[in-house]
Amino acid sequence: MSHLRRRRRFSSSAEPDLVAHLRAMVWGPAEFVGLPPGRLVAKGVLAGLLGTEAIVGTTLFGAWTGRPALASGEAGLVCAAALALHLLLVGAGRALVGITALLGVCLALHTPQAAAGVVLAERGRVQSVVVMSVDGARAADGHGRYLCSAADRDGVPLKVRVWRGCGEATRPGDALAVVYDPEGRVPPRGAAAGGPGPLRALAPWAVALVAVTVTAVVRSCRLSGLAEARSSIPRRTAVRR
């Protein structure tokens with residue numbers, strides 16, 4: 001009977017420790033009371049901003065200079081993986097690392113279109129093309145968009161189909177305004193009549209990525225690490241006379 005009681009006490013005391021260990025592994029230890037340490041918040045903000053700038057900046061640089069490996073978002077995916085690896089090294093929770101990686105991938109996949117829009121907004125030129133055909137069998141991308149195949153003034157077909165300015169009332173032979181890059185580094189697209197900037201669509205993904213990164217870094221706080229950091233500070237010993 002005493003043996004069974006000891007086993008029950010051991011199992012009952014081990015279960016909370018196991019749950020706490022799993023919680024710390026999944027969401028981070030977060031071993032602090034009250035407001036999170038300011039240094040961890042600063043580190044999280046810095047890591048999130050650097051990761052976001054790396055993902056967007058490399059893609060924008062590739063679109064501007066005509067480097068397909070960068071402009072396609074592949075380098076952005078590498079930057080997202082580097083940010084997730086950094087969070088693993090600082091001891092962040094696995095769930096938060098996974099969420100950060102997912103948001104980084106989403107940001108990297110959405111950035112190429114925005115980067116091309118920035119290039120066209122800065123150095124693009126507008127020209128009129130002739131609509132050759134309209135894909136009206138079904139809406140494109142499920143958003144009620146129509147795709148127009150067009151050719152320039154010399155009759156050379158565009159390599160991409162245009163959806164901006166192409167609608168249900170568009171017919172073959174109609175004129176359509178498109179913006180093209182004189183250096184040919186990004187594909188042309190229909191001329192927009194205004195609206196938000198090209199990078200505005202990336203704002204929700206960027207804000208979410210920074211917020212989750214800060215949370216992951218803050219929740220990686222361990223009291224043991226704080227104790228070791230404090231113990232490494234030399235203390236002055238009083239000399240008795």
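This passage describes helix H4 of a predicted model and the packing of H4 against helix H5. Residues are numbered from 1 along each chain as its sequence is written, and side-chain values use heavy atoms, without hydrogens and water.

The protein chain contains seven helices and four strands, taken as DSSP runs (helices H or I, at least four residues; strands E, at least two) numbered from the N terminus. Of its 241 residues, 32% are buried (under 20% relative accessible area, 1.4 Å probe, protein chains only).

Helix H4 covers residues 74-89 and spans 23 Å from its first C-alpha to its last, close to the expected 22 Å (1.5 Å times one less than the number of residues). Buried positions in H4 are Ala75, Gly76, Cys79, Ala80, Leu83, Ala84 and Leu87. An α-helix has 3.6 residues a turn, so residues three or four places apart point the same way. The cover over the buried residues of H4 includes helices H2 (38-65), H3 (68-71), H5 (94-123) and H6 (203-218). Just after H4, Gly91 has a positive phi of about 85 degrees.

The axes of H4 and H5 come within 8 Å and cross at roughly 165 degrees (lines fitted to C-alpha atoms over the stretch in contact; angles from 0 to 180 degrees between N-to-C directions). The two helices are therefore roughly antiparallel (over 145 degrees). Residues of H4 in contact (heavy atoms within 4.5 Å) with H5 include Gly76, Leu83 and Leu87, and the H5 side includes Arg94, Gly104 and Leu109.

How values were computed: Predicted model: local features only at pLDDT ≥ 70, side-chain atom pairs only at ≥ 80, totals over all residues. Buried < 20%, exposed > 50% of the residue type's maximum accessible area, 1.4 Å probe, protein only. Parallel < 35°, antiparallel > 145°, perpendicular 65-115°, else oblique.
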